2 protein chains.
Amino acid sequence: MSSETPSIGRPRAFDEETVLDLAAEVFWRHGYEGASLSALTSAMGINRPSLYATFGSKEQLFQRAFARYHETQVARARAALEQPTAYAAIEAFLRSSAHGLTATDHPAGCLSIQGGLACSPENARVSKILAAGRAATETAVEERLSRAAKEGDLPDGMDTRALARFVMALTEGHAVHAAAGASCDDLQASVDIALRALALRT
Amino acid sequence: MSSETPSIGRPRAFDEETVLDLAAEVFWRHGYEGASLSALTSAMGINRPSLYATFGSKEQLFQRAFARYHETQVARARAALEQPTAYAAIEAFLRSSAHGLTATDHPAGCLSIQGGLACSPENARVSKILAAGRAATETAVEERLSRAAKEGDLPDGMDTRALARFVMALTEGHAVHAAAGASCDDLQASVDIALRALALRT
DNA sequence: CACGATCTGTACCGAGCGGTAGACTGGGGC
DNA sequence: GCCCCAGTCTACCGCTCGGTACAGATCGTG
């Protein structure tokens with residue numbers, strides 16, 4: 001791993017996780033292809049050769065930044081799934097997502113969406129990486145719902161995969177809205193409607 | 001307008017609307033920034049100077065292609081709103097969208113989403129154009145719902161803006177899913193859940 | 001059938017892209 | 001105190017980008 005700190009030689013003048021967060025912000029705001037190396041190095045406060053020595057390539061940098069985004073941002077929404085009931089888990093997931101999508105200490109929206117749904121053919125891998133990240137989150141939702149089904153916490157015959165997909169799709173749509181300027185209240189009102197509809201309570 | 005056909009001079013060797021549809025497909029698949037002029041001209045079957053003489057610039061070409069996308073694709077979903085009841089209108093909107101997002105005669109997903117939610121700073125206008133298109137569709141949904149509210153076709157006190165936002169957000173999320181490979185049935189199952197939740201029927 | 005207007009095709013422009021070579025810097029080990 | 005080596009910095013690479021100049025082709029008109 002590049003995170004092991006060699007004891008010999010000139011020490012690194014920057015913190016790897018710090019500059020990854022800064023890189024994530026640039027990708028988040030401008031997308032993978034819209035984030036030029038000049039913009040990245042400028043925001044990260046390091047020079048091109050340092051970036052390449054540390055991360056290897058623009059794509060690898062993106063992967064690392066995206067992984068860190070998952071640890072720091074997506075993790076909060078996933079943690080919200082740990083509620084005693086399925087209804088509470090979904091509500092917490094949707095509400096904490098809406099909150100995170102409109103927080104002001106980082107760009108609006110979601111890196112998994114803004115990063116680049118569509119790319120030039122040579123960057124198609126990036127779109128795949130993003131899709132895989134979203135799919136992982138959807139799987140986490142689905143697993144929480146499956147557990148609820150086993151516990152009798154969902155109506156019989158509820159399609160947990162479809163419900164997980166519905167929840168994720170709504171969150172992704174909220175991300176699109178947030179990037180276009182929707183407020184947290186706007187999104188919460190949409191969540192209200194979604195929850196009213198779920199009728200998970202018996 | 002560039003659509004007026006001058007009677008003198010060498011005649012144009014291509015049909016404007018036809019090549020616009022072809023350009024829209026490239027933007028749809030690769031996004032605005034991911035669609036190179038080489039890819040565009042190659043798909044459209046015309047040369048660069050013809051493109052610039054006809055459309056002016058890449059951005060203007062995109063605007064024209066996006067406008068045509070609205071006329072040919074988005075118009076179908078908007079037409080679906082013309083159902084006798086609010087519930088039927090929303091169901092038709094969601095189902096026809098899910099169908100269009102997964103049709104096989106064009107790229108999966110939606111140009112309004114794939115085109116470029118995030119762009120480099122110099123292409124920020126493109127993101128704005130896309131957002132404006134989505135907002136226009138959301139307004140159309142909201143107007144249909146307002147009409148329903150006046151007609152007593154919605155529960156009292158229903159927040160029509162929030163409901164329109166919920167419907168659009170779900171559709172946008174479905175577009176993200178469709179671009180990642182979701183099937184029409186996948187999306188329809190999500191629509192089922194959304195509709196169950198709406199409880200628009202009294 | 002020559003003229004002028006319009007479109008097409010080749011070949012090119014400067015700029016910015018992602019990525020790198022090589023000289024310089026500065027801290028630990030002996 | 002010297003060496004070594006990782007990290008930094010300037011300056012550059014080839015390539016592709018969006019956009020265009022200019023010559024040749026093709027039409028209606030006199």
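The model is predicted, so local features need pLDDT of at least 70 and side-chain atom pairs count only at pLDDT 80 or more, while totals for chains, interfaces and linings use all residues. Residues are numbered from 1 along each chain as its sequence is written, and chains are lettered from A and ligands numbered from 1 in the order in which they are written.

Chain A first. It has nine helices and zero strands; these are DSSP runs, H or I of at least four residues for helices and E of at least two for strands, numbered from the N terminus. Of its 202 residues, 45% are buried, meaning that 20 or more other C-beta atoms, placed from the backbone, lie within 10 Å of the residue's own. Its C-alpha atoms fill a box of roughly 65 × 35 × 30 Å along the principal axes.

Two or more residues each come from H2 (37-44) and H3 (48-55) of chain A and from H3 (48-55) of chain B. H3(B) gives the largest share, four residues.

Last, helix H4 of chain B, residues 58-79. Its 22 residues reach 30 Å from first C-alpha to last, close to the 32 Å expected, which is 1.5 Å times one less than the number of residues. H4(B) bends by about 40° at B:Gln73, the angle between axes fitted to the seven residues ending there and the seven starting there. Its buried residues include B:Leu61, B:Phe62 and B:Tyr69.

Conventions
A residue is buried if 20 or more other C-beta atoms lie within 10 Å of its own, exposed if 12 or fewer, and partly exposed in between; C-beta atoms are placed from the backbone.
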